[in-house]
Amino acid sequence: MVDTLGASASTDDGSVKEQDRLLPIANVSRIMKQTLPTNAKISKEAKETMQECVSEFISFVTGEASEKCKKERRKTVNGDDVCWALAALGFDDYAGPLKRYLQRYRELEGDRVLNQEKAGNAEENDEPSLYRGSQPRN
Amino acid sequence: MRQAGMYSGILNGGMSGRTGPHLLPLARIKKIMKRSGEDVKMISGEAPIIFSKACELFIEELTQRSWKVTLQGKRRTLHKEDVASAVIATDVFDFLVNVVSESGANSEDTPVVMER
């Protein structure tokens, strides 16, 4: 099976560097802090545990979404699959805020990010975009 | 003054150029998605974007539930054991039970499982 991860993500013995497996601790702890009262403190281990939990969350939901795609014989996991998986796994109260977020994002960004991702990440096997070249800004 | 949130994608190893006002790096999210299974071959551009928001909501929820445990213990520092307690007490976080055990959190004497 072809390893879709770039060489930069692996050490010589093939193991994945921890920082590629987890989201950056600074980002994770920033979100945690925003949720808590100003005088709250968070231990380093709690932040690290949260990092692990988020990665597991991504894997868990992606697995479910990917299974749905497989059953429906589709190769690409898209945004709707992720939303569906979240609802199926009990995170249905995320659905509302997510749909609004996605709507707003689509309005603001259009296809610019899709083209940017294609340009900046040749190793990815994304479905070919219907739009080639630059898009007129709204 | 520079808006930290707007450019955090660049500062934290995001994709080429501006990735938008995301709190979490899309490229890293995509890597984690790809590692989740052999079946995951292609990922649309929107999926990591949805995850960046979903992860934010997830972190908020787990943090708030953990903090409740912290307060019950009359403490002001959130510890990993509080996260473990919140996971065990919440049905929808069942998939995390092994994760918080691996972190070295002590198992509960009498775990109470509450319906979410």
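Which side chains meet in a salt bridge at 3.6 Å, N to O, when you select K71(A) and E67(A)? The side chains of K71(A) and E67(A) themselves do. Keep in mind that this is a predicted model.

**Stop 1: one helix, one turn**

Stay on K71(A) and E67(A). Both sit in helix α3 of chain A. They are four residues apart, so about one helical turn separates them. Now colour by accessibility. K71(A) is exposed, with a relative accessible area of 65%. E67(A) counts as partly exposed, at 41% relative accessibility.

**Stop 2: a bridge between chains**

Next, select K80(B) and E45(A). Their side chains form a salt bridge, 3.6 Å from N to O. This pair crosses between chains. K80(B) belongs to helix α4 of chain B, and E45(A) to helix α3 of chain A. Is K80(B) buried or exposed? K80(B) counts as buried, at 11% relative accessibility. E45(A) counts as partly exposed, at 42%.

**Stop 3**

Move to D82(B) and R75(B). Here the side chains meet in a salt bridge of 2.7 Å, N to O. D82(B) is buried, with a relative accessible area of 3%. R75(B) is partly exposed, with 29%.

Now go back to chain A. Select K68(A), E72(A), R74(A) and D81(A) together. Salt bridges link these four residues in a network.

**Stop 3: a lysine over a ring**

K68(A) lies over the face of W84(A). The distance to the ring centre is 5.2 Å. So K68(A) has a part in the salt-bridge network and a place over a ring, given that a charge counts as over a ring within 6 Å of its centre and within 35 degrees of the ring normal.

**Stop 4: aromatic pairs**

Turn to the aromatic rings. The structure holds nine aromatic pairs over all chains. Begin with F57(A) and F91(A). Their rings are edge-to-face, with 5.1 Å centre to centre and 80° between the planes. The pair links distant parts of the chain, 34 residues apart. F57(A) is in helix α3 (residues 44-71) of chain A. F91(A) is in the loop between α4 (79-88) and α5 (95-109) of chain A. F57(A) counts as buried, at 0% relative accessibility. F91(A) counts as buried too, at 0%.

Then select F60(A) and F95(B). This aromatic pair is stacked. Its ring centres are 4.3 Å apart, and the planes are 15° apart. F60(A) lies in helix α3 of chain A. F95(B) lies in the loop between α4 (80-89) and α5 (97-102) of chain B, so the pair joins two chains. F60(A) counts as partly exposed, at 32% relative accessibility. F95(B) is buried, with a relative accessible area of 15%.

Now widen the selection. Which residues do ring pairs link into a cluster? They are F57(A), F60(A), F91(A), Y94(A), F51(B), F58(B), F93(B) and F95(B).

**Stop 6**

Select C53(A): the nearest cysteine sulfur belongs to C55(B), 11 Å away. C53(A) counts as buried, at 0% relative accessibility. C55(B) is buried as well, with a relative accessible area of 0%.

**Stop 5**

Last, go to helix α2 of chain B, residues 26-34. This helix is mostly covered, with eight of its nine residues buried. The buried residues are L26(B), A27(B), R28(B), I29(B), K30(B), I32(B), M33(B) and K34(B).

Methods. Residues numbered from 1 in each chain as written. Chains lettered and ligands numbered in written order. Predicted model: local features only at pLDDT ≥ 70, side-chain atom pairs only at ≥ 80, totals over all residues. Heavy atoms only, no water. Phe/Tyr/Trp six-rings, centres within 6.5 Å; stacked < 30°, edge-to-face > 60°. Buried < 20%, exposed > 50% of the residue type's maximum accessible area, 1.4 Å probe, protein only. Disulfide = S-S within 2.5 Å.
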